[in-house]
2 protein chains.
Amino acid sequence: MPPSLSEKYRSLKSATKQIETREFADYLADITEYSLGLLNGTCEEIPLVSLVPGKEYFAFRHRSPSRRAGQASSGRTSRPVNRGLFIGDPNELKTILGAFLGANYGGLTTQRTTQLLYTLAMAFCAANDVAKTGDKKTPATYFEMMIGHIFAREFGVKPGKRVNVPSVEDMSAGLPTDFIFDLGPKQAKFHLPVKLSTRERVIQVWAHQRVLNGIHGEGRFKGILVVLTETKLNLRTSEVVEICLPLQWTVYQRYVARLDRVYYLDVPSRYAMLSSTFPSITVKALGEFFTEKSALISGYRLSLGLRCPLPENQKVGMV
Amino acid sequence: MPPSLSEKYRSLKSATKQIETREFADYLADITEYSLGLLNGTCEEIPLVSLVPGKEYFAFRHRSPSRRAGQASSGRTSRPVNRGLFIGDPNELKTILGAFLGANYGGLTTQRTTQLLYTLAMAFCAANDVAKTGDKKTPATYFEMMIGHIFAREFGVKPGKRVNVPSVEDMSAGLPTDFIFDLGPKQAKFHLPVKLSTRERVIQVWAHQRVLNGIHGEGRFKGILVVLTETKLNLRTSEVVEICLPLQWTVYQRYVARLDRVYYLDVPSRYAMLSSTFPSITVKALGEFFTEKSALISGYRLSLGLRCPLPENQKVGMV
């Protein structure tokens, strides 16, 4: 990737010890605006053939400097970008970026919040795609940091990445997981796995939830899975499809453990329908989280007979 | 890979519809002897630095034709091969190959059986390693077919690769799995995942076992995981280590589901020790399966109060 983008990514990564702060939001906003500048300045938009009903996709393609007359561009192509969710105009983005920086989405519709966060996720991922071939790790780590930041600010605590397990034959055991948010005694606890897309490996998410339920009892940890998208681009045909396995998810939800929410930046409609099956899985756009956050936090307090729900806009105190 | 090796692999693959037959054993023996010939004829043995107590490893390296005087060989290097388990002499292999072809290991010690099967697995994997860079899929598929064959002959039934799930809201659901062996009514059923190595993805094995338990009740399907090895080669330093996560396995065995056996071709001692922890996990060399097969099969019949154990050498009838 361009040295400057790489440098910004390194700065972001080294700032994860303050992932819950406004300063971390500044890093994320800065790298997003920079990525958008790179995409607009060095790439062209390639229309894609969307086989996903109701969604339009395009890709960024680098205007390769070595391109010769009469030859197709050999520039790298980004992952598919959802036209209805991506805010490509930096000036338009600037008008709403304050909501993200201030962690205050009250002035935006949930749809607008989802667009804002989709753009924050996708601008860097696409800029990295056109800069480096086959790099899956950098976008995954970026997305995890970004989602970790958002939830850390909303919950007011730093996440952990390890579950303590009652000691096994005098050996202390721990299980590395995705994010764990512990809001304190008599408060909700959350298990928050983050994925760019799920595919067959997603069973790990339900299995980790099962381990948490086994250690702490059903319901003590709420499981919230956050995913960017399930799109897949066929580079030969330029066709975009969504890879979804809704029946398998239902099997995991029935027999392995229960997840409380799945939030997508780009929601596949076949998963959204799972809220009306048994056992239901509530799949929503991430923008909706901010309107139901209090209910998710106070659900556990309710079950203890404690005061609830918390006022809609009351932030949980920093720990 | 050399056209002839590739051709033999394709023939093997297209014969999987008869995976339970003696003919399939012929294909496996043939490709093993051919691989051994390639390794002995075109490769040199490179000693490796084993950091695994009590085990010695080497690798095959292709004598690259483009090698120039004074330059280190640029030939591809195979995965680590356990000196104590690999039968590199084709004449020595020939003397015991009949046990595999006839599926009759009674004349061999369990250690000798493990060596025989280790060689059947490793010869092709190593030959493919030196022929193709970064091909993970071919060895994995080969090993899966080989293990599927061995258990299909022992159990006398063809394996399936899908679990039927009670229909979900009028939609029939199925879960793709590794091998499922159904020995018939009032007989044992087995869930048999097969992996070249496990690492963090292994939680899927326990989660699938959990789904089976959820559908059919605890104990109806015995879970048997079969793994080649956990070695990892550092190409720069030539050091071989074993990557093991015994405490994580104990967590899965405690909270997700119970596996009945884990068989290795090259057993890591840190996993073998798990038989003495709680909950115990019985980890053994694959050669031991043949001496305890009857007990594994009759365990379920016992719990039904049916005649058992089956006589040691009574094969289950072909379905």
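Guide: Buried area is the accessible area, found with a 1.4 Å probe, that two parts lose on being put together, summed over both. This model is predicted, and its local features need pLDDT of at least 70 while side-chain atom pairs count only at pLDDT 80 or more, whereas totals for chains, interfaces and linings use all residues. Residues are numbered from 1 along each chain as its sequence is written, chains are lettered from A and ligands numbered from 1 in the order in which they are written, and side-chain values use heavy atoms, with hydrogens and water left out.

Visitor: How much area do chain B and chain A bury between them?

Guide: The contact, which means heavy atoms within 4.5 Å, takes 30 residues from chain B and 30 residues from chain A. Of the area that is buried, 72% lies on carbon and sulfur atoms, and the total for chain B and chain A is about 2600 Å².

Visitor: Which element gives the most to the side of chain B that touches chain A?

Guide: Across this interface the rule finds 0 salt bridges, a salt bridge being a side-chain nitrogen of Lys or Arg within 4 Å of a carboxyl oxygen of Asp or Glu. Helices (H or I, at least four residues) and strands (E, at least two) are DSSP runs numbered from the N terminus, and those of chain B that give two or more residues to the side touching chain A are β5 (160-168), β6 (171-182), α6 (203-216) and α7 (246-255). With 8 residues, the element that gives the most is α6(B).

Visitor: What relation superposes chain B on chain A?

Guide: The copies are superposed by least squares on the C-alpha atoms of residues with pLDDT of at least 70 in both, and a rotation of 180° with 0.0 Å of shift along its axis brings chain B onto chain A with an RMSD of 0.0 Å. That is the relation of a two-fold axis. Because 100% of the interface residues of chain B are also interface residues in chain A, the copies meet through the same surface, and the relation asked for is that of a two-fold axis.

Visitor: How far apart are the end C-alpha atoms of helix α5 of chain B?

Guide: The expected span of a helix is 1.5 Å times one less than its number of residues, so the 19 residues of α5(B) (residues 137-155) should span 27 Å.

Visitor: Is Ala103(B) buried or exposed?

Guide: Ala103(B) sits in the loop between α3 (90-101) and α4 (110-131) of chain B, and its phi is near 50°, a positive value in a residue other than glycine. Most residues other than glycine have a negative phi. With a relative accessible area of 10%, Ala103(B) counts as buried.

Visitor: Is Lys186(A) buried or exposed?

Guide: Lys186(A) lies in the loop between β6 (171-182) and β7 (189-192) of chain A, and its phi is near 60°. Since its relative accessibility is 54%, Lys186(A) counts as exposed.

Visitor: What is omega for the peptide bond from Phe278(A) to Pro279(A)?

Guide: Pro279(A) lies in the loop between α8 (269-272) and β13 (283-285) of chain A. The peptide bond from Phe278(A) to Pro279(A) is cis, and its omega is near -10°.

Note on methods:
Buried < 20%, exposed > 50% of the residue type's maximum accessible area, 1.4 Å probe, protein only.
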